[in-house]
Amino acid sequence: MKAVCEGIELSEAVLKVVKACSTKTITPILECIKISAKNDSLILSATDGEISIRKTIKAEIMEEGDVCVPGRYFSDFIKKLEGEQIVLAANGKKMDIIYADSQTEMQMLPADDFPRIDTEINESSFKLKTKDLKKFISSTSFCCSTDDSRPILKGCQFVIDGDDICVTSLDGFRLATVNGNLVSATGNMEIVCPARTLNEIEKMLPDTEEETEIFVQRGMILVSSDNTVLTSRLYNGDFIKKENIIPRDFTTIVTVDRALLKASIERAAILVRNDKNSLVIFDIGSDRIEISSNSEIGNVQEPVKADVVGKDIKIAMNSKFIIDAVNALGEERIQLSFNSQIQPFVCENAENKDRLYLILPVRTANNA
């Protein structure tokens, strides 16, 4: 293999695909980027067995062929050559990287050992506006679990019903669900996609008014954009039914200015950020929420004006969970709905109910 390309284009491509290189494996080939020179293009591929990314760039191909190079080292090195024209050439068991008046050698692994990446995924699909897909991902993926003991909770559930879509995630302590509309779908379906995959999809998609089509087949998905193709395995199993978790009625409903509430919680969270639960307390009365926190560093107590309907309530919660939920809501005024100090409570926009966040309170000595 021998090819000539621009450093900036190669660097951008490498930085995209290296995200799919494995970081914890006993199989060295999964730590590699495969570079294929064919016709007038370089095709860069990486996979860790769950997610795969392939990026194609223009290049002058002097000799076709395939090589595999250590992904992280190659990425870091090429990033330093963005202003150069680069020649990549296989040389025995090493690859020559030639730039300006310099030449570097890098170890190669046999390209035949690199796993085959299946891109023939087109049995069914759904299409939606790109900005909506990015909104669905950013509004739910942060609630996915990171615990390997329940893998299915490490992903977001997508339920397609006609032209409607509902995306849900939960980690055992909080839940996020967002509803919206599709452009089209080949049929109803339900899939659970890894949060890591979704976050990579969000990064690779442009901020445009265009549409994105997601293809599904044999427990796999495929998304493509700007000469980049991402494929990923989906999780198998039964996802938790959110209808059994989200309360239908509430005894206390609070409507409050989102910016004021967020600022007060963030101040209260500063003094408890090193505590296990980063605990803040809401003491809700007739026309305000008293927000407080207490630690060895000090204590905070601030009132925030609010419209309160129903019973007074005092409830403790993880400050990160409530801040994440408030950040994900988009309106100036939001609604918090409670039943008791030990039951899950709900955060929503005051008007547009397209998204909902449910949070489990923290039991304290006073409410255990």
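Predicted model: local features only at pLDDT ≥ 70, side-chain atom pairs only at ≥ 80, totals over all residues.
User: Which residue in β6 does Cys32 stand opposite?
Analyst: Residues are numbered from 1 along each chain as its sequence is written, and side-chain values use heavy atoms, leaving out hydrogens and water. Strands are DSSP runs of E with at least two residues, helices are runs of H or I with at least four, and both are numbered from the N terminus. In β6, the residue opposite Cys32 is Pro70.

User: How many bridges join β2 to strand β3?
Analyst: Two strands pair if DSSP finds at least two bridges between them. Strands β2 and β3 (residues 41-47) run antiparallel, and Ser36 has Ile43 as its bridge partner in β3. The number of bridges joining β2 to β3 is five.

User: Why is strand β2 largely enclosed by the rest of the structure?
Analyst: Buried means under 20% relative accessible area, exposed over 50%, and partly exposed in between, using a 1.4 Å probe and protein chains only. Strand β2 covers residues 32-38. It is largely enclosed because the buried residues number six of the seven.

User: Is Ser11 buried or exposed?
Analyst: Ser11 lies in helix α1 (residues 7-17). Contact means heavy atoms within 4.5 Å, and, not counting residues up to four places away in sequence, Ser11 touches Ile78, Lys79 and Glu82. With a relative accessible area of 1%, Ser11 is buried.
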